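Subject: Structure for you to look at

Hi,

Here is the structure I promised to pass on. Please open it alongside this note, and my findings follow below.

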Amino acid sequence: MAALGSVSASDEALERSAMQRALELARRGWGRVSPNPLVGAVVLRDRVVVGDGWHAEFGGDHAEVVALRAAGARAQGATLIVTLEPCAHHGKTPPCTEAIAAAKVRRVVAAVKDPDASAQGGFSMLRDMGIETHTGVLGDAAAALNAPFFFVREEQTRPFVALKLATSIDGRIADAGGRSQWISGPQAQDWTHWLRAGFDAVGVGGTTAARDDPQLTVRGGVVPRRAPVRIVFDRRAALSLASKLARTAGDPPTWVVASEEAPAENVRGLEDSGVRVFRPRSLAEGLSELRSAGVESLLCEGGGALGVGLMADGLVDRLYWLQAPVWLGAGGVPAFPGVADAALPEAPRWIPVERRPLGTDTLLVLDRRLCLPA
């Protein structure tokens, strides 16, 4: 990380504040920019914001270009605050380093380096042009923002896996009668549709698919650039052909991750209905096959057996936990039955990413580890 040099404490605080705004702007690209990362940018001149922007659409202008265009001539001699190291390659758009140099920016501050081999090198190029660079401002927050993007550039064998659970205060995903609709309130349900829009695929277990007959589509304010693939983890490939997922298997696609032991007639019936069926030997192998099929990020929404299986095998990278202000008691269905015990000193501690209310519910987001690029 480059030294701050002559930057004063007050300027450092100003840059942190501007980076926070850039992170908030970056989130506006949710569901629209994948497989690109979420990026926001702010231009500071004489301690005043003179331009800002974000990457709004895959194939469209990058955040730096949008912010510099908004700043116009005021970008000369300014500081550009950006959530990710500017790209140095020709992709869908020209390199951002060219736009930065043309605007005669004096200093570029990025939260994190770009881990993408085809895009990285922007800082080195800027320094060769005589532009001061610095990285590391709110780096942890920027890494959490683009955790799936960073993860798949480090881990080549499976998708980034997020598990979303809605539970009671006492950690139950359903009452003693098996009823789970709806533990969470309407605001949490609206947020779930927003969340789905940012993932390549949305998955549930076979029992959940049979009990709830979900659509697993995105129905909310964000229309994803690519509708997420709908996936059912069902060892016997027993998804009903009359289910919404099977009847609408072509738009968006429905896939079933079964097992080698799945009855041939079940597999054949689903495939005849347009459902793609995978028959891996294990859950981990199934995730690997999904990655090979183009899924880089997977949101699993239930049920209990799927969540426990993923957690037990160390395959969950992020947990979205919605806690509703209701008690269901000892007879309720626990969220993590059978998870192995761990002594407190050795117990894995996850990293809190976000905490906030969603109506009467509370959202807690936890990462298993921080995907911070070197």
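Strands here are DSSP E runs of at least two residues and helices are H or I runs of at least four, all numbered from the N terminus. Before going further, please note that this is a predicted model, in which local features need pLDDT of at least 70, side-chain atom pairs count only at pLDDT 80 or more, and totals for chains, interfaces and linings use all residues. Residues are numbered from 1 along each chain as its sequence is written, and side-chain values use heavy atoms, with hydrogens and water left out.

**Around β6**

The strands β6 and β12 (residues 297-300) run parallel and are joined by four bridges; two strands count as paired if DSSP finds at least two bridges between them. β6 also pairs with β13 in the parallel sense, over six bridges, and there L163 stands opposite L319. Seven of the eight residues of β6 are buried, where buried means under 20% relative accessible area, exposed over 50% and partly exposed in between (1.4 Å probe, protein chains only).

Helix α7 has A188, W191, T192, H193, L195 and R196 as its buried residues. These pack against β6, β8, β12, β13, β15 and β16, with contact meaning heavy atoms within 4.5 Å.

**Cores**

The largest nonpolar core has 61 residues, and those touching the most other members are M19, V43, I100, V108, F199 and Y320. Such a core is a set of buried Ala, Val, Leu, Ile, Met, Phe, Trp, Tyr and Cys residues joined through side-chain atoms within 4.5 Å. Helix α1 (residues 9-26) gives the largest share of this core, six residues.

Leaving aside residues up to four places away in sequence, Y320 touches A162, L163, K164, L165, W191, L195, F199, L299, L364 and V365. A second, separate core of 24 residues includes L163, W255, V257 and L366.

**Pockets**

These may interest you from the modelling side. The largest pocket has a volume of about 1200 Å³. Pockets were found on a 1 Å grid over the protein atoms alone, as open sets of points where a 1.4 Å probe fits, with protein on both sides within 12 Å along at least five of seven lines; lining residues have an atom within 4 Å of a point. Grid points are joined across faces, edges and corners, and the volume is the space filled by probe spheres set on them.

Of the 50 lining residues, V204, T208, E301, G302 and G303 lie nearest the centre of the largest pocket. Its lining divides into 21 nonpolar, 18 polar and eleven charged residues. Ala, Val, Leu, Ile, Met, Phe, Trp, Tyr, Cys and Pro count as nonpolar, Asp, Glu, Lys and Arg as charged, and the others, Gly among them, as polar.

The second largest pocket holds about 860 Å³, and of its 48 lining residues W30, L38, L145, P148 and G198 are the closest to its centre. By class, that lining has 29 nonpolar, eight polar and eleven charged residues. β15 supplies the largest share of it, five residues.

E261 lies in the loop between β10 (254-257) and α10 (264-272). E261 counts as exposed because its relative accessibility is 52%. Not counting residues up to four places away in sequence, E261 touches R235 and R279.

Best wishes
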